[in-house]
Amino acid sequence: MHHRMLDHFAAGDTPVHRLDPAAKTVALLAVVLATVLVGRDRFLPLIPTAAALAAYHLFARAPVWYVAKRLLVVSPFAAAIVLLFPFLEPGRPVWTLVLGTWTIEVTEDGLVRAGHLAAKFVLCSWATVLLLATTRFQDVLQALERLRVPRVFVVQLAFLYRYLWVLLDEGMRLRMGRAARDGGVGPWRVRFQSSVGVAGVLFLRTYDRAERIYWAMTARGFDGKLHGTRRPHVHLKDWIFVLGVCAAAVAVVVWDRVACG
Amino acid sequence: MAEPVLELQNVRYRWPTGTEALRGVTFSVQAGERVGLVGPNGAGKSTLLLAMAGFVAADGKIRVAGHRLARGTARDVRRHLGLVFQDPDDQLFMPRVGDDVAFGPVTMGLDAKDVEDRVAESLSAVGLEGCEDRAPYHLSVGEKRRAALATVLAMRPQIMALDEPSANLDPRGRRMLIELLPRLSNTLLLVGHDLDMILEVCRRTLVMDAGRIVEDGPSHELLSNRDLLESHGLELPLSLAAKRGDER
């Protein structure tokens, strides 16, 4: 079985691909901060960020469908909150449904709030997907190490990235093994029980594999550090990029506070 | 006679579940020897490899490249004993092949230039030149196997121990490995059931059964002895069985 990797387009060779991974990671952080700090219900200050991301996207030459698909994958996390706002936020009702003693109202303020939150979510996720579309995951990990992110966190991410697909494959094989015998039908209770069994076996196999990987690492002198071999070269263009993005992010936040606030 | 590069004396181990996996294993391997270790499932072959590297605390005496295995010396022993595990997915744990091959040399404290040289040299030895930037997940099983070999080669161990190196390989991948192994200058210990491979690569074979070494001798002699092999749950290598069939 073969899965599309997270950083499928990261092997490209465009000016934004060639930027230093740490510079791009810091820039991502600046973009996310500038987006989340925009005041409540104000859409105007989000426009420069969207324009900057669109420009970066053009340079990156990543297909729109690629980004859209990944945004869809992470959208359930935001959707749960965004979809609740129109019902929870007090304000002028635009739609009312009366169910006996229950009244459900969708408010105008709630819709604006939901739209604002959705816009922020799209911008932050878009920026993250663009980073991964232009930077190999291992380079992002190395950048995180250079940026002094705690090692235990980076090592966890590295292992998750390396073994996620191996585990998914293993789970898929177990499910196929079950489907080959129950034909995908049968009483729900039996199917539920077998699902629990599949999950249990997968856990045990994961545990075994973790032990074997640890042996393999110790056999080669593992001392708690994962070292990469690529030596980063930070050029002037990387400094210009990261300082430019950070300055623009600060400008957006100041504009939002001073002009729109 | 020179001091053996690997020496085991009366090595015993019982798993915490109570299974007695090793019941007094004794043998030695000279530098440059290529030795096959064969036996049925559950004979204790993989446990023996784990014991040799100090991953399970076995009783008895184990010496690797002059280092007596003990609580404080496991690190030194592992520097000289390159273990290649059965499942290459366990061995290749870094996101890039290049980083994985570099892992051993870097932990050994070599400088960047030496590490780079060793990575290039090891990948070239297994026919994976220029694969430094590939993700292990994107390699075929044969490539993964060779990359796993490169990760251990890069440490230049005095002895390499390979557990079931031909498992899951297609005939071409297997042939590639058979041609590659004799070219490696290291002392080899080949563990597994692929008797044809062991016959081609190793001049000496150890037969293991129920936690003991039951036979030790030239591969062509032991592996052509049908009665001996069958009494230990093995079969004549296909190449020899076919030859006998032709003669008949």
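Residues are numbered from 1 along each chain as its sequence is written, while chains are lettered from A and ligands numbered from 1 in the order in which they are written. Because this is a predicted model, local features need pLDDT of at least 70 and side-chain atom pairs count only at pLDDT 80 or more, whereas totals for chains, interfaces and linings use all residues.

**View 1. Confidence across the model.** The model scores ipTM 0.74 and pTM 0.72. Within chain A, confidence is lowest in helix H7 (residues 151–182), at a mean of 80. It is highest in helix H1 (residues 21–36) of chain A, at 95. Helices (H or I, at least four residues) and strands (E, at least two) are DSSP runs, numbered from the N terminus.

**View 2. The side of chain B that touches chain A.** Here 31 residues of chain B are in contact with 25 residues of chain A. Contact requires C-beta atoms, placed from the backbone, within 7 Å. Four helices of chain B each supply at least two residues to this side: H2 (74–80), H3 (88–91), H4 (97–107) and H5 (112–125). H4(B) gives the largest share, seven residues. By class, the side has 17 nonpolar, five polar and nine charged residues. Nonpolar covers Ala, Val, Leu, Ile, Met, Phe, Trp, Tyr, Cys and Pro; charged covers Asp, Glu, Lys and Arg; the others, Gly among them, are polar.

View 3. H8(A) runs over residues 188–219, 32 residues in total. The buried residues of H8(A) are A:Ile213, A:Trp215, A:Ala216, A:Met217 and A:Ala219. A residue is buried if 20 or more other C-beta atoms lie within 10 Å of its own, exposed if 12 or fewer, and partly exposed in between, with C-beta atoms placed from the backbone. The buried residues of H8(A) pack against H2, strand S6 (81–84) and H3 of chain B. Just after the helix, A:Gly221 takes a positive phi of about 80 degrees.

**View 4. Helix H6 of chain A, mostly covered.** Eight of the ten residues of H6(A) (residues 137–146) are buried. They are A:Phe137, A:Gln138, A:Asp139, A:Val140, A:Leu141, A:Gln142, A:Ala143 and A:Glu145.

**View 5. The open four-stranded sheet of chain B.** The strand order is S2-S1-S4-S5, with antiparallel pairing. Two strands pair if DSSP finds at least two bridges between them. S2 (20–29) and S5 (67–68) stand at the edges, each with a single partner strand, so one side of each is left without a neighbour in the sheet. S1(B) (residues 6–14) and S2(B) pair over seven bridges. Among the bridge partners, B:Val11 goes with B:Val25 of S2(B). Helix H1 (residues 45–52) of chain B packs on this sheet and touches S1, S2 and S4 (59–64). The direction of H1(B) makes about 65 degrees with that of S2(B). Axes are lines fitted to C-alpha atoms, for helices over the stretch in contact, and angles run from 0 to 180 degrees between N-to-C directions.

**View 6. The open six-stranded sheet of chain B.** The order is S6-S7-S8-S3-S9-S10, with mixed pairing. S6 and S10 (212–218) are the edge strands, each pairing on one side only. The twist averages 20 degrees from one strand to the next. Helix H6 (residues 141–153) of chain B packs on the sheet, touching S6 and S7. The direction of H6(B) makes about 165 degrees with that of S6(B).

**View 7. Strand S8 of chain B.** Five of the five residues of S8(B) are buried, so the strand is largely enclosed by the rest of the structure. B:Thr187, B:Leu189 and B:Val191 lie on one side, B:Leu188 and B:Leu190 on the other. S7(B) (residues 159–163) pairs with S8(B) (residues 187–191) in the parallel sense over five bridges. B:Met160 stands opposite B:Leu188, and B:Asp163 has B:Val191 as its bridge partner. S3(B) (residues 34–38) also pairs with S8(B) in the parallel sense, over four bridges. There, B:Leu37 stands opposite B:Val191.

Note on methods
Two residues are in contact if their C-beta atoms, placed from the backbone, lie within 7 Å. The expected span of a helix is 1.5 Å times one less than its number of residues. pLDDT is the predictor's confidence in each residue, from 0 to 100.
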